[in-house]
Amino acid sequence: MLREGRRRLAHRRNRSPTMGDNAMKIRKLGNSDLDTSEIGLGCMTMAGIYGPADEDQSIATIHASIDAGVNFIDTADAYGGGANEILVGKAISDRRDRVLLATKFGNIYARDSERGADGRPEYVRAACEASLQRLGTNVIDLYFQHRVDKQVPIEDTVGAMADLVKEGKVRAIGLSECSSETLRRAHAVHPISALQSELSLWTQFALEDQVPVCRELGTTYVAYSPLGRGMLTGAIKGGADLAEKDRRRDHPRFQGDNLKHNVAVIAPIEALAKRKGCTPAQIALAWVLAQGDDILPIPGSKRVEHLSLNIAATEIDLSADEVQELHDSIPPDFTAGSRYPDAQMWTLDL
């Protein structure tokens, strides 16, 4: 995988670490005729999950994103119980034609922790209709199954999603947090345009499993939490840096001895950022971008200033030696603790 990253690095042009006149690179979304920017905007944090969020500020961030050429806007019906979709719909109402709108269904853990996910065909249709209404649109560009329902064959769920494509309610379909085996089975029913899961310097599992299969199938890998839920920005040194109602407090990686160990991840990132004259977050995003042009990071942001810094990261090239330096300092098994609370880990199809 490191050799693959070096090969792809050779195709990236030299860039400076500040916002310049370079236009946002546009790529094809896997197995579709949709164009996507090389970086996207994750909107989950606008639902107040990682501390308070201001609606006006969030809408301004979405507008700034679109104006800067970032067209991939990602939300889900589970974020704020649908409130995030309403916010996104409001923000893009007068610029819908400039957006690749992605949303997700099927993650019902918040209201049914025993079932966790719902992939029944009748639920797929009902969830889509509800999302269309909240988003204020007549078509969803990319519709993800947020969590795989282990009680329903993936073929049945994807078959229902394919029906939505035939009816013109959805343009392309994707899966989130699914195994390579599930992806192959789903792709046999209908082309899967995107697989969304975590990828960052402290969550590298996909590089050895899902990413190679995505490349085989022509599926784009959408990398959420490319900044390690904020850890890779350098802003989190301990539990006191998290708001009282911040959901990260429930995550094992941000607790006790795990957190004491994990904060060490930032040192080599900060060292490289200092040498290159940029921020640690920009190094973390540049690393994800360096893994291949078929990987689309969607860092979350609810402030324009953070968005601008994230966009500027697309102008930073990491040399093969710098990628190797980060790999040596932060190996795939570095991070302590599971990605989600133990009570939720079973909902991941991995």
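Select L41 and look across to β4: L41 stands opposite I73 there. The two strands, β3 and β4 (residues 72-74), run parallel and are joined over two bridges. Strands count as paired if DSSP finds at least two bridges between them. Helices (H or I, at least four residues) and strands (E, at least two) are DSSP runs, numbered from the N terminus.

A word on the source. This is a predicted model, where local features need pLDDT of at least 70 and side-chain atom pairs count only at pLDDT 80 or more, while totals for chains, interfaces and linings use all residues. Residues are numbered from 1 along each chain as its sequence is written, and side-chain values use heavy atoms, leaving out hydrogens and water.

Now show the whole sheet. It is open, has eight strands and pairs in parallel, in the order β3-β4-β5-β6-β7-β8-β9-β10. β3 (41-42) and β10 (295-297) are the edges; each has a single partner strand, so one side of each lacks a neighbour in the sheet.

Next, select V139. Find it in the loop between α4 (121-135) and β6 (140-145). Is V139 buried or exposed? V139 is buried, at 8% relative accessibility. Buried means under 20% relative accessible area, exposed over 50%, and partly exposed in between (1.4 Å probe, protein chains only). Leaving aside residues up to four places away in sequence, V139 touches R96, L132, G168, K169, V170 and R171. Contact here means heavy atoms within 4.5 Å.

Move on to the aromatic rings. The whole structure holds two aromatic pairs. Select W202 and F254: their ring centres are 5.7 Å apart and their planes stand at 75°, so this pair is edge-to-face. Rings of Phe, Tyr and Trp (its six-membered ring) pair if their centres lie within 6.5 Å; planes under 30 degrees apart are stacked, over 60 edge-to-face, the rest tilted. W202 sits in the loop between β8 (194-198) and α7 (210-217). F254 is in the loop between β9 (220-224) and α8 (256-262), 52 residues apart from W202. W202 is buried at 2%, and F254 is buried at 5%.

Last stop: helix α10 (residues 280-290). Eleven of its eleven residues are buried, so the helix is largely enclosed by the rest of the structure. Among them are P280, W287 and A290. Just after α10, select G292, which has a positive phi of about 150°.
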